[in-house]
Amino acid sequence: MGLSGAKPAVIPLELNQKLTSLEYDKGIGSQGLNPLIDATSYQKFIRKLLYLTVTRPDISYAVQVLCQFMQTTKRSHKDNATRVAKYLKQEPDWAACPMSRRSVSGYLVKLEIL
């Protein structure tokens, strides 16, 4: 995506922003559809963001909203995914260990099958 020189974002998504699908826009007769011809780059980027939500729960809501538009993607969806990347640039998670930069916390999930 080439975001090394991009200005960082303070929050992952704009407050009260409503993202809509192409079907909804067609239903209401919206003129500015701007569908992406090839959605594979968007899908790959969202998969990477999904992987990051394991260690970065602060982007979970934004990624969940963007995942709803994996099949029919518009330019506004890709712009908002880029905004999440800019937020990650603003707030890097270097973990707690200063030597290895690895996380010193973890998760424990217990499943009890009856």
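I began at Thr53, which touches Ile59, Ser60 and Val63 when residues up to four places away in sequence are left out. The model is predicted, and I read every value below with that in mind.

I then asked where Thr53 sits, and found it in the loop between helix 2 and helix 3. Is Thr53 buried or exposed? Its relative accessible area is 18%, and since buried means under 20%, Thr53 counts as buried.

Next I looked up the chain as a whole. I counted four helices and zero strands. Read along the sequence, the pattern is α-α-α-α. The chain has 114 residues, and 30% of them count as buried.

I turned to the helices on either side of the Thr53 loop, helix 2 and helix 3. Two packed helices are described by the angle between their axes and the distance between the axes, so I looked up both. For helix 2 and helix 3 (residues 60-67), the angle is about 150° and the axes are 10 Å apart. Angles over 145 degrees count as roughly antiparallel, so helix 2 is roughly antiparallel to helix 3. I recorded the crossing of this pair as left-handed.

Which residues make the contact of helix 2 with helix 3? From helix 2 I listed Tyr42, Ile46, Leu49 and Leu50; from helix 3, Val63, Leu66 and Cys67. By class, that contact has seven nonpolar residues, no polar and no charged ones. I noted that Val63 of helix 3 is in this contact and is also touched by Thr53.

The last pair I looked up was helix 2 (residues 40-52) with helix 4 (residues 75-90). Their axes come within 11 Å and cross at roughly 35°. I recorded this crossing as left-handed. On the helix 2 side, I found Ser41, Tyr42, Phe45, Ile46, Leu49 and Leu52. These meet His77, Lys78, Ala81, Thr82, Val84, Ala85 and Leu88 of helix 4.

Technical notes
Residues are numbered from 1 along each chain as its sequence is written. This is a predicted model: local features need pLDDT of at least 70, side-chain atom pairs count only at pLDDT 80 or more; totals for chains, interfaces and linings use all residues. Side-chain values use heavy atoms; hydrogens and water are left out. Axes are lines fitted to C-alpha atoms, for helices over the stretch in contact, and angles run from 0 to 180 degrees between N-to-C directions. Helices (H or I, at least four residues) and strands (E, at least two) are DSSP runs, numbered from the N terminus. A crossing is left-handed if the near helix is turned anticlockwise from the far one by less than a right angle, and right-handed if clockwise. Contact means heavy atoms within 4.5 Å. Buried means under 20% relative accessible area, exposed over 50%, partly exposed in between (1.4 Å probe, protein chains only). Angles under 35 degrees count as roughly parallel, over 145 as roughly antiparallel, 65 to 115 as roughly perpendicular and the rest as oblique. Ala, Val, Leu, Ile, Met, Phe, Trp, Tyr, Cys and Pro count as nonpolar, Asp, Glu, Lys and Arg as charged, and the others, Gly among them, as polar.
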